[in-house]
Amino acid sequence: MGIREFPGGASRGKSIAIGMRRSPDVSPRRLSDISPQLRQLKYLVVDEAIKEDLKWSRSVEDLTSGPVGLTSIEERILRITGYYGYQPWAASYKREERPRDSPGPAEAQAPAAGAEAGGRGSRRCWRCSQAQLKKIFWGVAVVLCVCSSWAGSTQLAKLTFRKFDAPFTLTWFATNWNFLFFPLYYAGHVCKSAEKQSVKQRYRECCRFFGDNGLTLKVFFTKAAPFGVLWTLTNYLYLHAIKKINTTDVSVLFCCNKAFVFLLSWIVLRDRFMGVRIVAAILAIAGIVMMTYADGFHSHSVIGIALVVGSASMSALYKVLFKLLLGSAKFGEAALFLSILGVFNILFITCIPVILYFTKVEYWSSFDDIPWGNLCGFSVLLLTFNIVLNFGIAVTYPTLMSLGIVLSVPVNAVVDHYTSKIVFNGVRVIAIIIIGLGFLLLLLPEEWDVWLIKLLTRLKVRKKEETAEGSADPGSGPQSKSRRARPSFAR
């Protein structure tokens, strides 16, 4: 492709534009051809005269003979120096002679393309916002479900102990319902999955979670049995603490398990150190001490608080060991694992309630006196809580699910206010607030500081841009309107 030169001093840019309009196959090869535009790079707002030159030099858009894409540094500079309609990647372009006296069609084409792109962008944003709104809607539903099931199971357990004083038997009875996890998961798999598998096929696929050999007897006793013991201890200590202290204190103290998970993960799993989580752990410990002080260090309150802290510690140990020994599990694998815990409870834990009954540690006169409705209701609520907590991540964010546990504290406080003699003195209220604040700090993601810095930087940049735009507008005349209609060079 040859180079065409045009003599002339001040009219050089005009001659280049006319020559290129006559021969669309000719492209500028020298940076001197666009030197007026290059000298304007240091300005944020393009002057009106330069805008006219750029407007008339859009004839380089007709470059279609070369390969698709930006083929030279000159063409890139042409694009960034004001050729808003320059699209060398287009497969075809209408070559029309645009007379200098009527630049309207050339200007109308860019807004039309912008409108089309804006329409696509708006539809994409609408789809994204619609998906986010759907996820947030499901998140609210999950939060309400977690809060109601956890608070309801706690209150129902408190009500059950008035007639049936057997916390370990209640724990054993409720854990047996874990056997339903895998059948419920398989029912959901049959309803939603496109490729349906038989129960045996799905079971074998989920058994790969335990290794290449699947679920063997050795794996059962080394990888499932310890977690069955931790599961039983967590629930038993929690239920036994409900007998000693009110449900509000039990629910708020159990929130400390999040801080214990962080400390154990930091020590055992060598997780990332985060100062904000250390602060949250300190707040949790301070809340435990203040909660003990709120009741005057009575024996029953101290024992109850110790039981809840032990339950939170067992829960944290369960989670950390699961991540250390088994890693992360998919939905089917988690459902199978929880069902195995139910099988372990039936086979090996059943003897303990029998022993407690005959030794009259947990004794009831007859089976007719057992409140079966309360026992079944507690088991169903606890099963619902565990199902939503384990599988709710499929429809919403994990942080929203954790908020349900915190929201159960005010629910239990309201119920205790009308059904028991709890005294909400200043120390207890401060302890509840401190533990809740520590729990919320632990929900912050690992990159929260980076996100915060990015947000602050973005706000500063936007404020500077608004200030610059405000100072750049001299008035409300026609010239200021035309400047506002076109984007500035910085954008």
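Me: Why is V268 called partly exposed?

Reply: V268 has a relative accessible area of 39%. Buried means under 20%, exposed over 50%, and partly exposed in between (1.4 Å probe, protein chains only). The value of V268 lies in between, therefore V268 is called partly exposed. V268 is found in helix α11, where a helix is a DSSP run of H or I with at least four residues, numbered from the N terminus. The model is predicted: local features need pLDDT of at least 70 and side-chain atom pairs pLDDT 80 or more, while totals for chains, interfaces and linings use all residues. Residues are numbered from 1 along each chain as its sequence is written, and side-chain values use heavy atoms, without hydrogens and water.

Me: What makes K360 count as exposed?

Reply: The relative accessibility of K360 is 59%. Exposed requires over 50%, so K360 counts as exposed. K360 is found in the loop between α15 (351-358) and α16. Its phi is near 60°, a positive value in a residue other than glycine.

Me: Which residues form the nonpolar patch on the surface, and what makes a patch?

Reply: The patch is formed by W266, I267, V268, F273, L324 and L325, with about 570 Å² of accessible area together. Accessible areas come from the Shrake-Rupley method with a 1.4 Å probe; for residues, only the protein chains shown count as cover. Patch residues have over 30% relative accessible area and no salt bridge, and nonpolar side chains (Val, Leu, Ile, Met, Phe, Trp, Tyr) are joined within 5 Å. A salt bridge is a side-chain nitrogen of Lys or Arg within 4 Å of a carboxyl oxygen of Asp or Glu. The largest share of the patch, three residues, comes from α11.

Me: How is the lining of the largest pocket divided by class?

Reply: The lining has 30 nonpolar, 12 polar and eight charged residues. Ala, Val, Leu, Ile, Met, Phe, Trp, Tyr, Cys and Pro count as nonpolar, Asp, Glu, Lys and Arg as charged, and the others, Gly among them, as polar. A pocket is an open set of points on a 1 Å grid over the protein atoms alone, where a 1.4 Å probe fits, with protein on both sides within 12 Å along at least five of seven lines; lining residues have an atom within 4 Å of a point. The largest pocket is lined by 50 residues, of which K258, V261, K319, L389 and N390 lie nearest its centre.

Methods
Patch = residues over 30% accessible without salt bridge, like charges linked within 9 Å, V, L, I, M, F, W, Y side chains within 5 Å. Helix = DSSP H or I, 4+ residues; strand = E, 2+ residues; numbered from the N terminus.
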